[in-house]
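Hi,

Here is the structure I promised to pass on. Have a look through it, and then read my notes below.

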Amino acid sequence: MSESIQLRVNGKTISVPSGTIVAAAVAMTGETRFRKSVFGQPRGPLCGMGICMECRVTINGQLHCRSCQTLCEEGMEVRADE
Amino acid sequence: MSQAYDIVIVGAGIVGAACAAECARGGLKTLVLDRGPIGGGTTAAGMGHIVVMDDSEAQFALTHHSRQLWIELRPQLPDDVEYDSCGTLWVAADDEEMAEVQRKQKFYTERGVRVEVLDALGVKKAEPNLRADMAGGLRVVDDAVLYPPCAARFLLEQAKRHGAELRTGVAVRELLSEGGVLLADGSRISSGRSVSATGPWSPALTPGLPVRKRKGHLVITDRHPGFVHHQIVELGYLKSAHSLGKDSVAFNIQPRKTGQMLIGSSRQFDAEDSAVDPAILDRMLQRAIEYLPGLGKLSAIRTWTGHRAATPDKLPIIGPSVMSDRIWLATGHEGLGITTSLGTGRLLADLLLGRPTEIPAAPFAPVRFRNGGSHHE
């Protein structure tokens, strides 16, 4: 678990230990708003177990990925501002 | 003897709603009854594809006329009806299906329907997420999609503006041959005529009617704006939709204004319950993924089912029943009821009011099944 991974969150490069979930990586950047609801309200992680769908982010261009269920990978491009 | 109503329509789905709008507009004192909410039955399980079809001249006449009525109504439709003239793209997977594209193009062009033939490159440009080896396709430019329950509600509001009344949560037990209806609570409502617009449930009110329930599944995805641009239907659809035999699936996908995609289709006879059937759902989604490989990565957020009202000759049943000229029918629309609701309402009102009809009425007349429907199978 000591190996570190570099990825980009909202354009900012960060380094996280391997095994870190994307939701944690986004939180490490200080971001609490992961996405906008249909009506423009801020949304972020709630259940942490893949059920509530509130923590969705865009990963490598793929919309609506559950950040709490996805492990960080080297070079990953995460957008939590869409 | 004076009647409480000129006409009582049973069923507040889109067909009953369209009939009510036309009857009320024609000056008939109209009452609509439904045991459930507006558009809560088959209407809620329709994709809302407004499509011109060419299975027979009669089917073409009704779908084309109906689509024209939708186009005329469009400026009045509220936003929540989500009318979107995205067009239909019939995709051909091979040369055999490409021959069908040519046949359809000729048929539609001869009848004044705007279509464009696309070659393999044209399909790729029109729908980049389709798999790369499509042979071509046919774009039917003026086809559209809408959200059926809100369309039904809008039509009922139109009916009410012309004096119609609506009562939901009222179950009907029987259509009376002397006119009017008997309700489940034992009370009667008198009327000159009644109309059954009860779709797959119509044989319960008019026994012997050759209408069978044909179950279908629908899936809606998360929002992925621009993933598809047309209602895309495989031409193999014709083979599966038209077989009256065993269970079938076909690729049929629709973009919604929200960016969501509605995915169909499945067809099952003798499946009366409304439970989602995982085996056929899996076949349906696998078929969709064969055409749109990227679909497999997206999330489905809801899955549900409904029943179509299938008839032996694949045409709806519109007009006076053979039991009584006081009992009329507007049912049996199978998978085309959202499109054909408006043409049905117009035709029914024309017949009721003795006006000339805008399309030939005979192919839809209930009398064609006087001796049952078996000889059509």
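First, a word on terms: helix axes are lines fitted to C-alpha atoms over the stretch in contact, and angles run from 0 to 180 degrees between N-to-C directions. Helices (H or I, at least four residues) and strands (E, at least two) are DSSP runs, numbered from the N terminus. Do keep in mind that this is a predicted model, where local features need pLDDT of at least 70, side-chain atom pairs count only at pLDDT 80 or more, and totals for chains, interfaces and linings use all residues. Residues are numbered from 1 along each chain as its sequence is written, with chains lettered from A and ligands numbered from 1 in the order in which they are written.

In chain B, helix H2 (residues 57-73) packs against helix H9 (residues 337-352) at about 95°, their axes 7 Å apart. That makes H2(B) and H9(B) roughly perpendicular (65 to 115 degrees) to each other. Residues in contact (C-beta atoms, placed from the backbone, within 7 Å) include Leu62(B) and Trp70(B) from H2(B), and Leu342(B) and Arg346(B) from H9(B).

Overall, chain B has 9 helices and 19 strands. Its C-alpha trace spans about 70 × 45 × 40 Å along the principal axes.

Over in chain A there is an open sheet of 5 strands with mixed pairing, in the order S2-S1-S7-S5-S6; strands pair if DSSP finds at least two bridges between them. S2 (12-17) and S6 (62-66) of chain A are at the edges with a single partner strand each, so one side of each has no neighbour in the sheet. S1 (residues 4-9) and S7 (residues 77-79) of chain A run parallel, joined by 2 bridges, and Val9(A) has Val78(A) as its bridge partner in S7(A).

Cheers

How values were computed. Angles under 35 degrees count as roughly parallel, over 145 as roughly antiparallel, 65 to 115 as roughly perpendicular and the rest as oblique. Two residues are in contact if their C-beta atoms, placed from the backbone, lie within 7 Å.
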